[in-house]
Amino acid sequence: MNSTTSILQHANEVLIGNYARLPVVMHRGEGALLWDTDGKRYIDLFAGFGGAILGHCHPALIEAARMQMHQLWHVGNTFHTEPQIEVAGWLNRAAFTGQAFFCHSGLEANEAACKLARLRGQDATPKRWKIISLEKSFHGRSLAMIAATGNAAVRQGFAPDIPGFIRVPQGDFAALQAAVDDQVCGIIMEPIQGEGGINFHPPGYTAKVRQLCDQRALTLIFDEVWSGCGRTGQWFGYQHFLDDAGKIIEPDIITLGKAIGGGLPVGAMFAKPHVAKLLVPGKHGCTLGGNPICMAVAKAIFDTIDKQKLLERAAELGEHAMARLRGDAGLKDKIADVRGRGLMLGIELCQPPDQLVSRALQSGIVINLTSKTVIRLAPPINIAAELWDKGLDALAQLLRTL
Ligand code: PLP
């Protein structure tokens, strides 16, 4: 038995089988490359569900973590620590004037945002507490967030749903408007849906949602866990969408996860002051949230993306890939649509493929398939142009064989 086989055998004995894991043990990473325990090399076109936004073992992130590790690991949030304040400062520069709460994951950020929307709703008469979300959305795996998530499969086996979440069809503004009764306190939506298949809302939809929230004093939460921190070629996905006056449509709250930690467990809820001020002591917290080492790395991510102009780069590499895939005559009968922004890309296939992700691994690329027919690509946004092209070559070759 080789060492990989014995590791896999041990894994099956000691790990819960809640992930559909592939029979590969990843051992080492560098930039956009990964190596498994058999020494096979892969081009990472998915960056661990988008988390490793600057790739594996980035020297600036290692250095930030190393410096912080020698200085301070953890104190309770009864104290201030500088790295948290610095990341919150970055959010103010990259998004809007606001205040941050830090946690470990995307779902926790969404929980915090929904609690905050409810807190604001408590001031209304009658009290408001329901939150509207969209079909095909994904907001996390806690009991409340599966109730918000617009995918029945993630709720299966966990009935009854936590009350207070209303799901409406994605992109149907009339349905959304009709769902707003006087108990609704907020709306949560992804600016670009990730798990649901890289879905865009119809033109004008987001502006109408913002208007509705203003008219009815609802809290608008943009779940930027997938689209945040540079992946789409802007700091945040919402920054791609403008109202009729050409102004970016801003939410009251953004929630972040994945890329903000570069692969370390970081989540953040970032709220405008009129709502943030309601989260007073005793209302919410997280023991390890805003951990100094994680925050030092998060700050280094913002610094590096900014210094190396990686937003522009993500936009260019994404446009290049979309043009290439759309223009490939050999793929015309395989691909129904190519869509995305920056390096958050979806390739919708004409037919559900068989064993595509495993076959991609055999060809040396890591990809993801969601919603049965949508290949997702989300490489590190600092991937070298030649490596990106090599990965796309391997993918195109694979798609031709479908
Ligand atoms: N929100 C969105 C849009 C996501 O895509 C995800 C995870 O994929 C989450 C929330 C949950 O994030 P986490 O897995 O960090 O809890």
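G51 is buried because 21 other C-beta atoms lie within 10 Å; a residue counts as buried if 20 or more other C-beta atoms lie within 10 Å of its own, as exposed if 12 or fewer do, and as partly exposed in between, with C-beta atoms placed from the backbone. This is a predicted model, in which local features need pLDDT of at least 70 and side-chain atom pairs count only at pLDDT 80 or more, while totals for chains, interfaces and linings use all residues. Residues are numbered from 1 along each chain as its sequence is written.

**Surroundings of G51**

- G51 is found in the loop between strand 3 and helix 2 (59-69); helices (H or I, at least four residues) and strands (E, at least two) are DSSP runs, numbered from the N terminus.
- Not counting residues up to four places away in sequence, G51 touches K258, A259, G261 and G263, where contact requires C-beta atoms, placed from the backbone, within 7 Å.
- The C-alpha atoms of G51 and G261 are separated by 7.1 Å, although the two residues are 210 residues apart along the chain.

**Overall form**

- The protein has 13 helices and 17 strands.
- The radius of gyration of the protein is 21 Å, which agrees with the value near 21 Å for a compact globule of 402 residues; this radius is taken over C-alpha atoms, and the globule rule is 2.2 Å times the number of residues to the power 0.38.
- Along the principal axes, the C-alpha atoms of the protein fill a box of roughly 65 × 55 × 45 Å.
- Of the 402 residues in the protein, 45% are buried.
- Among contacts between residues at least 6 apart in sequence, 73% join residues at least 24 apart.

- Four strands form an open sheet in the order 1-2-3-15, with mixed pairing; two strands pair if DSSP finds at least two bridges between them.
- Strand 1 (26-30) and strand 15 (365-366) are the edge strands, each pairing on one side only.
- Strand 2 (residues 33-36) and strand 3 (residues 41-44) run antiparallel and are joined by three bridges.
- In this pairing, L34 stands opposite Y42 in strand 3.

**Strand 17 and its partners**

- Strand 17 (residues 374-377) is covered on both faces, with V374 and R376 buried on one side and I375 and L377 buried on the other.
- Strand 14 (residues 344-349) runs antiparallel to strand 17, and four bridges join them.
- I347 has I375 in strand 17 as its bridge partner.
- Strand 16 (residues 368-370) also pairs with strand 17 in the antiparallel sense, over three bridges, and T370 stands opposite V374.
- The hairpin of strand 16 and strand 17 has three residues between the strands, and S371 takes a positive phi near 45° there.

**Ligand shell**

- Of the 15 residues around the ligand, those that come nearest are S105, G106, L107, G140 and V225; a residue is near a molecule or strand if its C-beta atom, placed from the backbone, lies within 6 Å of it.
- Helix 4 (residues 106-122) supplies the largest share of the shell around the ligand, three residues.
- The shell divides into five nonpolar, seven polar and three charged residues; Ala, Val, Leu, Ile, Met, Phe, Trp, Tyr, Cys and Pro count as nonpolar, Asp, Glu, Lys and Arg as charged, and the others, Gly among them, as polar.

Conventions:
Contact = placed C-beta atoms within 7 Å.
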